[in-house]
Amino acid sequence: ESQDLTRRFAVNALQEGGIVYDFGCSTASMLLEIERALGKGVDTRLIGIDNSRAMIEHARKKIEAYGSRIELVEGDILQHPYEAAQVFISNYTLQFIRPLMREGLIRNIADALEEGGVFIFSEKVVSDNPKLNKELIDCYYDFKKSQGYSEYEIMQKREALENVLIPYTMIENIQMAKNNGFKSCDVLFRWTNFATFIAVK
């Protein structure tokens, strides 16, 4: 559902000649979905950035197989020189950037966006209420178990992400966008402790 909404609102914000950046693009699935939705006659640039060489190589193979015109960059989203764009997308990427550097990146995104451009981002979120926060996490773990993950696999992933993934509350994410160049920021979708936001310049 989150991916469908991201594609829909990205396409809505795009105009002829516009640029889309996708942070942590992985295997370029989101950009391929946007490209399909736009159709072949629309002149836009779709640019995926990821710091994983393996992901970029996998994405290149997919792009070649689909005859896609998506551009790929193996690099650091904190250092990339962005051109004026209409859409930025970040799916579960900001949460791995240290808070002080995260604010600077949001400002860079806002600076690069054209007026009325959008930043669509999905993040893991935390609750101010410790009891509710635990229940949200338990709900997510139950979902993972229903998808075939073992208790051991779930705990391994949790330990690997400890002190690496630093989530904000919903309000903190919204405030971060508003404090760094965006006129508004709203929630498009939420499921337990995962949320998708849209910030408009």
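**Close-up views of a predicted model**

View 1. Thr192 is buried, with a relative accessible area of 16% (buried means under 20%, exposed over 50% and partly exposed in between, with a 1.4 Å probe and protein chains only). Thr192 sits in the loop between E7 and E8 and has a positive phi of about 40 degrees although it is not a glycine. The model is predicted, so local features need pLDDT of at least 70 and side-chain atom pairs pLDDT 80 or more, while totals for chains, interfaces and linings use all residues. Residues are numbered from 1 along each chain as its sequence is written, and side-chain values use heavy atoms, without hydrogens and water.

View 2. Strands E7 (residues 184–191) and E8 (residues 194–200) pair in the antiparallel sense over seven bridges (pairing requires at least two DSSP bridges; strands are DSSP E runs of at least two residues, helices H or I runs of at least four, numbered from the N terminus). Two residues separate E7 from E8 in this hairpin. Cys185 stands opposite Ala199 in E8.

**View 3. Ser26 in a loop.** Ser26 lies between strand E1 (19–23) and helix H2 (29–38). Although not a glycine, Ser26 has a positive phi of about 55 degrees. Ser26 is partly exposed, with a relative accessible area of 26%.

**View 4. The contact of H4 with H7.** In a right-handed crossing, H4 passes H7 (right-handed if the near helix is turned clockwise from the far one by less than a right angle, left-handed if anticlockwise). Arg102, Glu103, Ile106 and Arg107 of H4 meet Met176, Ala177 and Asn179 of H7 (contact means heavy atoms within 4.5 Å).
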